[in-house]
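Here is a friendly walk through a few places in chain B. Please keep the viewer open while you read.

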Amino acid sequence: MVSLLRNQKVRNALLQVLYVGSIAAMVLAGIVIARRNLADQGITSGFDFLFKSTGWDVNFSLLPATANDPYWWYFLIGIINTLFLGSVGLILATIVGTIVGLARTSSNDLARLLGRTYVDIFRNIPLILQVFFWYAIITHLPTPRSAHEAWGFLLTSRGLYIPFPNVGSAAFAAATVAVIAAIVLPAWLGRTSRLAQPIGQRRAIQLAAAAVALACAAIILALGRLPDTPLLDFPALQGLNLRGGLRIPPEFATLAIAIAIYGGSYIAEIVRGGFKSVGTGQVEAALSLGLSPWRVFTLVRLPLALRAMLPILANQYVWLMKATTMGIAVGFTDFFMIVALTINHSGQTLEAIGILMAGFLAINLSLAAVFNRINKAIALKGNQLRG
Amino acid sequence: MTSTNSTGEPALRIENLDKYYGTFQALRGINLSVQRGEKIVVCGPSGSGKSTMIRCINRLEQHNGGRIVVLGTELNDDVGNIDEIRREVGMVFQHFNLFPHMTVLENCMISPMIVRKQPRAQAEATARHYLEKVRIPEQAMKYPSQLSGGQQQRVAIARALCMQPQIMLFDEPTSALDPEMVSEVLDVMVTLASEGMTMICVTHEMGFARRVADRVLFMDGGEILEEAPPDEFFTSSRNERTRQFLSQVLGH
Amino acid sequence: MEMVVVAPPAPGRLEDLRRRFFATPLQAVVSLACLTIMVFLVWKLLNWAVFSAVFTTSGGPEACQAAAGACWSVIAARWRIIFFGLYPYEGQWRSALACVAVVVMTVLSCIPAFWTGRRIALVWGAGTGLFYVLMKGGVLGLAHVGEEAWGGLALTLFIFVTTCLIGFPLAICLALLRRSELPWISRTTGLIIDGVRSLPLISILFTFAVVLPFALPQWLQGDKLYRVILGSALFFSAYQAEIVRGGMQGVATGQEEAAMALGMRYWQRISRILLPQAMRNAMPATINQFVISFKETSLVVIVGFFEILASGNAAYGTGEWRFAYVEVYAFIAFIYFIFVFSLSRYGAFLERRMSVSER
Ligand SMILES: Nc1ncnc2c1ncn2[C@@H]1O[C@H](COP(=O)(O)OP(=O)(O)OP(=O)(O)O)[C@@H](O)[C@H]1O
Ligand SMILES: [Mg+2]
């Protein structure tokens, strides 16, 4: 027996069985105990509850939602809310981060100082504190009756009101898709037809594609316009309440602002790192070819920097997506809050946690997949530039 | 262990040794017996399996077939045997592999202290003794990165000797060194050989082989193709591949 | 032809300024824009925070609310709740001393002389022990104060320190398990690490605080505080494990082989050869992880703890100070800033120093 334990192969097998076995046993025991505890409270395990109506409301949804809707519909709403908030936050954060990051790499001392101050302040304060701060600010804004107004925007404690085209929601969604196509299509064309045509022709094709997509968007908007209304619907006070325009609820605005500012400070550092990684040799070589500083930037520094920062940026975006769970701090019904509410109301604890894990795993994996593809595309370009 | 091998048992016995990396066979039926105090030099072209063979002797690589018996203890899956053999077999690597976060003295003391459980004073005395022997006692308090390559390799030899091994393995100890440092390391090895250490050296230093080797092995394609005393090996080799190899090594 | 080397005239101050900020029209515009923004912001901020601010409590909340600037009186009136939460009034010096102990411990562990496994463990063990005794009492004539009464900065620090104390060794274990040669062990560990990393921290805290009691037998449930700390430590360790593993990959394979050839056992190789080198490689990333983890400690407010953020909410949330939310958040942000900024500066310093010594 003792000599058997001294045998390396026996030992290795034993260790593996023990390790995996004890972990599996712990998980299983947890599930068994939880099922028994829940059964004591009269909750039957299983996913039947998904088809029961919830009986409670969500405060934000892009899809129609009532308290009669089943749980699965609410989970879907939660996922879409998370993705929507995440995408808005991600786009805003990227814009902020790019501006600050460029300021930090600029040759102007004042711009650099400004950028650095921004990063130092907002990176070093926890996101949740910033969320609380902005939420307090927004909920302490004046009531609709005495709202701040600027360029047709209204700032009130009930949310931000912005002018909005007077179109049906389906038409608006279609127009959004067309605008996205106007951005994505040229990039995609630039990649696939790179070898086929000379550069000038390729530019023309890209421009044409963008123009067609934008025209489509305009036509859709014009056709979908609600009859007998002005093109843009401005929010305005009517009686005690605001009518018209698009209301951005305080919760959503808070989170989008906080994520944009906090995420922006991180992305600024990534942008700076990306530009720093572009060797001075490459830039000097381009300048010595007689390229103008602007062209050096767009043709040499930007593509190389982009390639260097993309993998880190991908991680940051995944992080930002997860940061939408801060929603629960201010009562925004993101995916996680829906799960928490489900547990509260239905008691289907294990199932809800399982759905939560699966949801975030799916979000992470699909983001990673998207970025891997972009990464590959960009890496190809980088090689050409080097060659 | 020591009682069983006092008589005719050789220091090392390898029988029909096979070693695979995945599907690639790196060693094919190696047979070798080394008596106590014997010095073996192993040479052969790159990729012939020299490193693989001597790394099997102290289980840095696990063999797949055949037997290895070191100092009367069989090298098998028994963890106790592996530990015992590693304690008695010292090894010197091509790239020194000194511990960069310890001083030279600590490099030499750590193993006797934690493996042989020697008290600190004794370990330090031993370490200083062997550093003296490899002729760098004054470097004891430096860190490896502050030494030249030749000095580092001598520290590595001292470190291995501090465990007071009965067999020493050398895997191309001089091939990462600048030419002017090769001799200082070889001198230490010659001294060691003259004191009766059992040594197995993979090296292409043919001068060293002539001076100290009792036998020279030539390996190619994972096999030992030739095995002879040095004078015979260098002058009247029977094997075509050996002669070709020798002409390349000695050619310039 | 004669070569005449003319040294450029030493630029005057004005000339120097011109070159730095007004070299081209674009530069001039950027400089002016930045200058305007800066002057505007600094003036606004100073005016609000200093010139028009009220610092004394004498006028009470009403006088304060009427002022044009910041109302720092709220801090003067409510600092005790922000720092100590609901800790009993007469024992609050203990809470303060406990915070000092944690700060001293952190500073000590930034000194390279303490960077051996034993010394770091000693410093952290002693620091945490001291903190715990001071806070909890029940010995040495200190009155007993249960964890439910802990709050404010002290609770934040406690959660952070215990998270690291549990998470760090756990991270090393996970990293070692993940690089194990035994496929089932490394695969299972990889699954655990990647799984935890794909989840948001809030969901893990929530699971440990609210869901875990269902899945544990009665005798194992423990206090909610310690369950949350455990969850937070698990999250920390999943990230830290990957950092440690990165550090291990930076150690040459020859190091372990040399240790094996010298007869060292697995634990001897790991503790004497691999870990010291790996931890040194991983140092900057580790400090960065500590910084992130300190910031994330604030998330426990969501599962209902009275840490510094919640006590801040309470400081302005009740009654007469309702209007002073900006001041309270600014104050808490400032406290976080001091901790996080100094730690991250230290990390950057270390990184620079290490990259220099590598050359
Ligand atoms: N870890 C490994 N995995 C797969 N193949 C290996 C491994 N180590 C060695 N080999 C292969 O085994 C063969 C023998 O390698 P070995 O290192 O023993 O050669 P060598 O005679 O020491 O050569 P050199 O003189 O270059 O050091 C080579 O073909 C090598 O490619
Ligand atoms: Mg070799």
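## Around B:E226

B:E226 sits in strand β10 of chain B, which covers residues 223-228; helices (H or I, at least four residues) and strands (E, at least two) are DSSP runs, numbered from the N terminus. This is a predicted model, where local features need pLDDT of at least 70, side-chain atom pairs count only at pLDDT 80 or more, and totals for chains, interfaces and linings use all residues. Residues are numbered from 1 along each chain as its sequence is written, chains are lettered from A and ligands numbered from 1 in the order in which they are written, and side-chain values use heavy atoms, with hydrogens and water left out.

Is B:E226 buried or exposed? B:E226 counts as buried because its relative accessibility is 5%; buried means under 20% relative accessible area, exposed over 50%, and partly exposed in between (1.4 Å probe, protein chains only). The B:E226 side chain makes a polar contact of 2.9 Å with the side chain of B:T242, and it also reaches the backbone nitrogen of B:R238 at 3.4 Å. A polar contact is a pair of N or O atoms within 3.5 Å; within protein, one must be able to donate a hydrogen and the other to accept it, and residues adjacent in sequence count only if both atoms are side-chain atoms. Leaving out residues up to four places away in sequence, B:E226 touches residues including B:V216, B:F218, B:F233 and B:N239 (contact means heavy atoms within 4.5 Å).

## A four-stranded sheet

Elsewhere in chain B, four strands form an open sheet in the order β2-β1-β4-β5, with antiparallel pairing. Its edge strands are β2 (24-34) and β5 (73-74) of chain B, each pairing on one side only. Strands pair if DSSP finds at least two bridges between them. In chain B, β1 (residues 12-21) and β4 (residues 65-70) run antiparallel and are joined by five bridges. B:E15 stands opposite B:R67 in β4(B).

## The shell around ligand 1

Which residues surround ligand 1? Among them are B:Y21, B:F24, B:P45, B:G47, B:K50 and B:E172, where near means that a heavy atom of the residue lies within 4 Å. An oxygen atom of ligand 1 is 2.8 Å from a polar backbone atom of B:G47, and an oxygen atom of the ligand is 3.0 Å from an N or O atom in the B:E172 side chain.

Elements giving two or more residues to this shell are β2 and α1 (50-57) of chain B. α1(B) gives the most, with three residues.
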